[in-house]
Amino acid sequence: MLTPAHIMTTVSAALLEDAPWGDITASTLIPHDATASATLVAREAGVLSGMEVFAAAFRLTDARIQVDLHADDGDEFAPGDVLVAVAGPARSVLTAERVALNFAQRMSGIATLTRSYVDAVAHTSARITDTRKTTPGLRAFERHAVANGGGRNHRFSLSDAVMAKDNHLAVLLQQSGLGLTQALLAAKDKLGHTTHFEVEVDRLDQVAPVIAAGVDTIMLDNFSLAELREGVALINGRAVVEASGGVNLDTVAAIAETGVDVISVGALTHSARAIDLGLDMALEPAADPAPEARR
């Protein structure tokens, strides 16, 4: 989902937001012909994400900036690891620094948190997925980071799949006058054969009528562990079983052990802490004028 065109459009907008009329600090303090080299250094351990985005912030600021990536998205890093080297016109490097770091720190934070969840359920077959609880305008970036952390992506948008949640079902049943199974079957009849259909249930007595409708995925929302185990047994392989609600690092392993197939975690994107990465910079003074010029 994170295409070069998407990176260019979003990073360009971020650069414009940060320096709409140029970088007055860099142009005031830094000689126009000064050059600089810098390294992106990890201040703490984590999982890397957003390297092409980081590089784009510099390249879109000034095509003369050279960016050398020393690590790839999805790589683990330790404190002190050098992840990227940057060199070029000093003003441009300084102008791009904050935008580049904002993306890399945010995306690496999501990847790192995701890896913690993935590791916590590694002894089971459950998959960790993201949700639509993303920063507006940055969904593709944040989903990319989830994938770098070893997670899976849920539907990207409302256009990608049918996902009937409690409010949808309340309106559907009221307006149709049908039972749950019949209402879902009528809805399915409107869809093409390739469209995925997921239904959220919040009570065990809803499971059987939803199974009868032949949907693809059943989400068990805010179920207790005992209820999750019972729901998995009732569904018995006739649909993908997704668990949602009440998921955190303290609970996710036990949820996975109930036998669910998927665990969706909004916290991956709405609560990830930015990873501490620093750009250590060395300015190189402009060359001395020739002896003739000094006379």
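I started at E44, which sits in the loop joining strand 1 (35-42) to strand 2 (46-47); strands here are DSSP runs of E with at least two residues, helices are runs of H or I with at least four, and both are numbered from the N terminus. The model is predicted, so I kept its terms in mind: local features need pLDDT of at least 70, side-chain atom pairs count only at pLDDT 80 or more, and totals for chains, interfaces and linings use all residues. Residues are numbered from 1 along each chain as its sequence is written, and side-chain values use heavy atoms, without hydrogens and water.

Back to E44. I found its side chain in a polar contact of 3.0 Å with the side chain of R273 (a pair of N or O atoms within 3.5 Å, one able to donate a hydrogen and the other to accept it; residues adjacent in sequence count only if both atoms are side-chain atoms). The E44 side chain also reaches the backbone nitrogen of D276 at 2.8 Å.

I read an open sheet of 6 strands, paired in parallel, in the order 6-11-10-9-8-7; two strands pair if DSSP finds at least two bridges between them. Strand 6 (127-129) and strand 7 (162-164) are the edges, each pairing on one side only. Inside the sheet, I checked strand 10 (240-244) against strand 11 (262-264) and found a parallel pair with 2 bridges. There A243 stands opposite I263.

Which residues lie nearest the centre of the largest pocket? I noted T131, K133, K165, S244 and S264, out of 21 lining residues. A pocket is an open set of points on a 1 Å grid over the protein atoms alone where a 1.4 Å probe fits, with protein on both sides within 12 Å along at least five of seven lines; lining residues have an atom within 4 Å of a point. Strand 9 (217-221), strand 10 and helix 11 (267-270) each give two or more residues to that lining.
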